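User: I'd like to learn how to read a few features of a fold. Can you walk me through this one?

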Amino acid sequence: MINSKTRAAWHRKVRELKFIAKGLASTSHPLVAHIIPIRKCNLSCVYCNEYDNYSKPIALDIMKQRIDHLVKLGLSALVFSGGEPLLHPELDELISHASKSGLLVGLITNGYLLVPERIKRLNKAGLDYMQISIDNIQPDEISVKSLKVLDKKLQMLKEHADFAVNINSVIGGGIRNPEDALVIGNRAVELGFSTTVGIIHDGNGQSGKLNDIEQTIFKQLRDLGKTNYARFNRFQDNLAEGKPNDWRCRAGSRYLYICEDGLVHYCSQRRGYPGVSLLSYTTQDIIREFNTKKDCADYCTVACVHKVAVMDNWRFDKQTLPDPENLTLLPGRAIAEELKLIPLNSKSKKLAQKPAVTQEAEQEELVSVS
Ligand code: SF4
Ligand code: SF4
């Protein structure tokens, strides 16, 4: 007798194969979109610039209209992000709407609001993937996304979730105990989840590369999450060594970031470009952005866009249109720092008035097409 978990996994696999086939056959549709149903979060991680503590949820009909337009554009996978998307009172209905429209559906959450009944509701709504980022073992003044707090939530997921779960840990500047990432990764594997690791660069350092201990732990973690890692090792390895990557970013085309105001942006770190209403976004926009060079690509740490770009790497085409911001006057690292792709470390964060970049949004390696 096939249980609901196995059935869901097969169903997911069939749709992932369709995702790949459609993506290889044509470049004029988006593959993955992140959408923000609510900016509010129940936590306040010090490094995060992706949340507030007051925003109202976006109305159901407006969100459905946005999803419908994405479907019309030919989207394959939709990821709900935030803030904390579980704070949206009608999230289940949004997931169900997206799933019934034929999309693969993901959710990025801090996990705090998960209880068995909520997980079962997400199963029923048709959720395909969930990602939880865990920053440390013990809560500290930077982040309370800690294994100590979240382990019981992970056990609930193991018992009740029919969807795939990925646990992301982080390593690099500002993380006090790099060994924590290894404990988190091992725990994820022990519970039968996939695991990924994201690299935080030290914005104050010249090179931004990982130190020796971090490099060792990074390699061990990389081996833990081998299946997920294999296709994207080039990006991660270069970033770990502080080297730029040579790739074609397809943000605004194959990847879309839809903010709570319903505007299309390249990604969470380049909000403002193209910065136009999703409802007026057309296939022509997608084709234009496919061919637009992104000057910030060299040191980009936005893993989900790296991952999406892999689908088109074999095409050997050149991006002939210039970056709308024309950032080429700046050297690669300066662009990355200006755009906060390279976050400030924890010491400088305390000095800074404005919080630096969230890693949660950066490491959204959610839609696995393995
Ligand atoms: S990183 Fe995630 S959990 Fe932390 S404040 Fe930002 S949105 Fe909330
Ligand atoms: S930051 Fe990265 S994902 Fe965003 S537009 Fe630049 S290269 Fe693309």
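This is a predicted model: local features need pLDDT of at least 70, side-chain atom pairs count only at pLDDT 80 or more; totals for chains, interfaces and linings use all residues.

User: What does the secondary structure of the protein chain come to?

Analyst: Helices (H or I, at least four residues) and strands (E, at least two) are DSSP runs, numbered from the N terminus. Here there are 14 helices and nine strands.

User: How many of the residues in the protein chain are buried?

Analyst: Buried means 20 or more other C-beta atoms within 10 Å of the residue's own; 12 or fewer is exposed, in between is partly exposed, and C-beta atoms are placed from the backbone. By that count, 47% of the 370 residues are buried.

User: And how do I read a nonpolar core?

Analyst: In soluble globular proteins, nonpolar side chains tend to be buried together. A core here is a set of buried Ala, Val, Leu, Ile, Met, Phe, Trp, Tyr and Cys residues joined through C-beta atoms within 7 Å. The largest has 81 residues, with L78, Y255 and V305 making the most contacts inside it. A second, separate core of five residues includes C41, Y47, C48 and Y51.

User: Which residues of α6 are buried?

Analyst: Helix α6 covers residues 179-190, and its buried residues are D180, A181, I184, G185 and A188. They line one face of the helix, because they fall within an arc of 135° seen down its axis (the arc of directions from the axis to the C-beta atoms). After α6 comes G192, with a positive phi near 90°.

User: Is S253 buried or exposed?

Analyst: S253 is buried, because it has 23 C-beta neighbours inside 10 Å. It is found in the loop between α9 (233-240) and β7 (255-258). Contact means C-beta atoms, placed from the backbone, within 7 Å; leaving out residues up to four places away in sequence, S253 touches P30, I286, E289 and F290.

User: Which residues come nearest to the ligands?

Analyst: A residue is near a molecule if its C-beta atom, placed from the backbone, lies within 6 Å of it. Ligand 1 has 13 residues around it, the closest being C41, L43, C45, C48 and N110.

Note on methods
Residues are numbered from 1 along each chain as its sequence is written. Chains are lettered from A and ligands numbered from 1 in the order in which they are written. The expected span of a helix is 1.5 Å times one less than its number of residues. Two residues are in contact if their C-beta atoms, placed from the backbone, lie within 7 Å.
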